[in-house]
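Let's walk through this structure together, strand by strand and then around the ligand.

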Amino acid sequence: ERVGYAVVGLGELTEEELYPAFHLSARSKLTALVTGDREKALVQARQLGLKDEDVYDYEHFEELEGRADVQAVFIVLPNSLHREYTERAARIGKHVLCEKPLSVSVQDAEAMVSSCKAAGVLLMTAYRIQYTPHHQAARELMQSGQLGQVKLMTAVDVQTEPDEGQWRLKAKLAGGGSLLDVGLYCLNTARFLTGEEPYEVFAYTHSTPGDKRFEEVEESVSFTLRFPSGVISSNFCSYGASKHRSVRVLADKANLLLDPAFDYTNLRLRKDTETEVTELLIKEVDQFALELDHFSRCVVSGEQPYTPGEEGLQDQRIMEAIYTSAREGRPVQLERFEGRDVFR
Ligand code: NAD
């Protein structure tokens, strides 16, 4: 039996990626839409085979409480609204799959984790890479020792979006600039691939003077993470450079290159030694369907997801330290991650 979801927020991600993912998923089904634009939602509902009664306005979100076929909500709103809808969902007893970044601050993320806990509902940060076969294969190669001792990593996630006027450029809605939106993938991947928690960060941010897009949020961030095993990971994210999304792992026996690393499709993983270049052929599966079905399995079994709210919270803490480091021009120590060590 499939787990029923209400999707909250019918923007680009929902329309272009999540509707198709629900279609491809084995364990999840879309049963309701929550929107601020009823006309648009009614058209989409009909295309999806839903009824007019399956469309709810934001104000009537709580009416989902009586829907037995909505066990979970998928929050796909601008970042600063994640907390409000997570708390509202928890209050009506619905499990929550919340888009990344989990929220816009450590404080909000903590509140989200505790309200879901108090309500006895599951909270999952809707990350992709931990459920993606290419990233899983890279992690396996690293952690099984096949690369030898890992020394260095770099991750890059840069693009020239968004355009002026988007919520992503408004501090109040986005909570930050390229770091929260795309730099998060670099951070996430460094933690996932190493299976370690960084103990120190050092960062710079920069916004092109006079560029109106970056009056409220930062354009570019460079941040370095130090891990207990000695691995140093350097990361770049930007809203101002031509699209490039890659990860390199540099080790004493072999190196890995994931390029593209963070796209939705056509990921490529390569393993290089000094004498040989091997392209790993890995079957691609819709990343959003994988992530959705993981959560559905948790909803059915009651188990914690692999990327629970605590995982999003931990990234939020590290991003806050990255901003502090950049602002104060010094390395910032990170506290030990008190959460469950999900990546082992
Ligand atoms: P979008 O702008 O395309 O859609 C946002 C939706 O929120 C729209 O339907 C809009 O009408 C609605 N909304 C409600 N209140 C709003 C307000 N006050 N201001 C602006 N819009 C409001 O954005 P998106 O790209 O779909 O992103 C939504 C969320 O999904 C974000 O948290 C984003 O980080 C995340 N996201 C994740 C991935 C991924 O790969 N996991 C990819 C893209 C976006």
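Start at I75, which stands opposite C98 in β5. Four bridges join β4 to strand β5 (residues 95–99), and the two run parallel; strands count as paired if DSSP finds at least two bridges between them. To get from β4 to β5, the chain passes through helix α3 (residues 82–91), making a right-handed β-α-β crossover. Right-handed here means that, with the strands pointing away from the viewer, the path from the first strand over the helix to the second runs clockwise. Helices (H or I, at least four residues) and strands (E, at least two) are DSSP runs, numbered from the N terminus.

Strand β4 also pairs with strand β1 (residues 3–8), in the parallel sense and over four bridges. There, A6 has V73 as its bridge partner. Both faces of β4 (residues 72–75) are covered, with A72 and F74 buried on one side and V73 and I75 buried on the other. A residue is buried if 20 or more other C-beta atoms, placed from the backbone, lie within 10 Å of its own.

Now turn to the ligand. Of the 19 residues around the ligand (C-beta atom, placed from the backbone, within 6 Å), G9, G11, E12, L13 and E99 come nearest. Helix α1 (residues 12–24) gives the largest share of this shell, three residues.

How far can you trust the picture? This is a predicted model, where local features need pLDDT of at least 70, side-chain atom pairs count only at pLDDT 80 or more, and totals for chains, interfaces and linings use all residues. Residues are numbered from 1 along each chain as its sequence is written. The protein chain averages a pLDDT (the predictor's confidence in each residue, from 0 to 100) of 96.

Key. A residue is buried if 20 or more other C-beta atoms lie within 10 Å of its own, exposed if 12 or fewer, and partly exposed in between; C-beta atoms are placed from the backbone.
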